[in-house]
Amino acid sequence: MPVSLGGQAPASFDLKSVHLPLLALLLKSGDMELLRREFGQRYGDQPEFFDHDPLLIDLQGLSGEQALPDLMQVSELLRAHRLRPVAVNAASEAQRAAAQAAGLPLAEAPLLTRQGHAPAPSASAAPVAVAPPPPVPAPGALVIDKPLRSGQQVYARGGDLVVMAMVNPGAEVIADGHIHVYAPLRGKAMAGARGHAQARIFSLAMAPELISIAGVYRTSEVPLPQALLGRPAQVRLHSTADGDRLVIDALST
């Protein structure tokens, strides 16, 4: 129970409640080897992708105690990829016990939504007056003027990426926001890299090896229709009750 320390505020500190923006790792399997392999495939060739970001481990997607992974091993894997697990969202007593055994605090009912999506309010919830948030400044854009060769990688952290020249096969362009390629896109393009589901990919000649938005990806193993291949097009993420899928639309010129 909180105890009052008197009426005089301390001169050296204040203790306040804050809400921090966190990445969330929603685990869908307790198979530790599968997690290591897929994490390595997704981020192993991008060692600087994360910058020691704080992260919440969310266990709500797991069912049954047999699916529970070793959270100490999960934490070690995340730290190896420059992520800092700070809390666990647990859905059962076994998951809570595992979090405590791993030395991770519990997060109660966090807000776990993709950027740009808000949960529907409960019909029985009482209305609460909320002060309007301050305006968020528009993120800047990283502009690349030169062609990107095979093996080169460009990441626009916290904003959009604009490429004025060709992205050759084997090159990678990554952005937390949108990706604009005013030339042929023949390498890999990953927009909304940190979960921004409204991000899009634009190119004047769409012929990529891989396209991805908020982690949903499509490779050249599934070829583009001839009406879109090598033509001006955009890629966007379409979310339905059955899941997310990439939609590619032609751009009028």
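A residue counts as buried under 20% relative accessible area, exposed over 50%, and partly exposed in between. V143 has 46% relative accessibility, so V143 is partly exposed. This cut-off runs through the whole briefing, which describes a predicted model. The chain has 253 residues, and 35% of them count as buried. The chain holds three helices and 14 strands.

**The chain as a whole**

- The accessible surface comes to about 15,700 Å². Carbon and sulfur atoms own 56% of that surface.
- Take the contacts in the chain with a separation of 6 or more: residues 24 or more positions apart account for 41% of them.

- V143, M164, Y182 and L204 make a nonpolar surface patch of about 370 Å².
- V143 belongs to strand β4, which covers residues 141-144.

- Helix α1 covers residues 32-43, twelve residues in total. At 1.5 Å a residue, the helix should span 16 Å, and its end C-alpha atoms are 16 Å apart, so the two values agree.
- Which residues of α1 are buried? They are M32, L35, F39 and Y43. These residues cover an arc of only 55° around the axis, so they sit on the same side of α1.
- An α-helix has 3.6 residues a turn, so residues three or four places apart point the same way.
- What covers the buried residues of α1? The cover includes strand β1 (23-26), helix α2 (71-80) and strand β3 (83-89).
- E33 and Q41 are exposed, and they lie on the face of α1 turned away from its buried side.

**A buried histidine**

- H180 sits in strand β8, residues 179-185.
- Is H180 buried or exposed? H180 counts as buried because its relative accessibility is 19%, and the cut-off for buried is under 20%.
- Set aside the neighbours within four places in sequence. H180 is then in contact with L161, V162, V163 and F202.

**Salt bridges**

- Side chains of opposite charge can pair when their charged atoms come close.
- How many salt bridges are counted? The count is six.
- E172 and K188 meet through their side chains, at 3.9 Å from N to O. This pair links distant parts of the chain: E172 is in strand β7 (residues 172-175) and K188 is in strand β9 (residues 188-191), 16 residues apart.
- The partners differ in cover. E172 is at 9% relative accessibility, so E172 counts as buried. K188 is at 29%, so K188 counts as partly exposed.
- R194 and D176 also form a salt bridge, at 3.5 Å from N to O. R194 is in the loop between β9 and β10 (201-206), while D176 is in the loop between β7 and β8, 18 residues apart.
- R194 has a relative accessible area of 21%, so R194 is partly exposed. D176 counts as buried because its relative accessibility is 11%.
- R194 and D176 are part of a network of salt bridges that also links D53.
- R236 and D249 form a salt bridge as well, at 2.7 Å from N to O. R236 is in strand β13 (residues 233-240) and D249 is in strand β14 (residues 243-250), 13 residues apart.
- R236 is partly exposed because its relative accessible area is 25%.

Conventions. Residues are numbered from 1 along each chain as its sequence is written. This is a predicted model: local features need pLDDT of at least 70, side-chain atom pairs count only at pLDDT 80 or more; totals for chains, interfaces and linings use all residues. Side-chain values use heavy atoms; hydrogens and water are left out. Patches are made of residues with over 30% relative accessible area and no salt bridge: like charges are joined within 9 Å, nonpolar side chains (Val, Leu, Ile, Met, Phe, Trp, Tyr) within 5 Å. Accessible areas come from the Shrake-Rupley method with a 1.4 Å probe; for residues, only the protein chains shown count as cover. A salt bridge is a side-chain nitrogen of Lys or Arg within 4 Å of a carboxyl oxygen of Asp or Glu. Helices (H or I, at least four residues) and strands (E, at least two) are DSSP runs, numbered from the N terminus. Buried means under 20% relative accessible area, exposed over 50%, partly exposed in between (1.4 Å probe, protein chains only). The expected span of a helix is 1.5 Å times one less than its number of residues. The arc is that of the directions from the helix axis to the C-beta atoms. Contact means heavy atoms within 4.5 Å.
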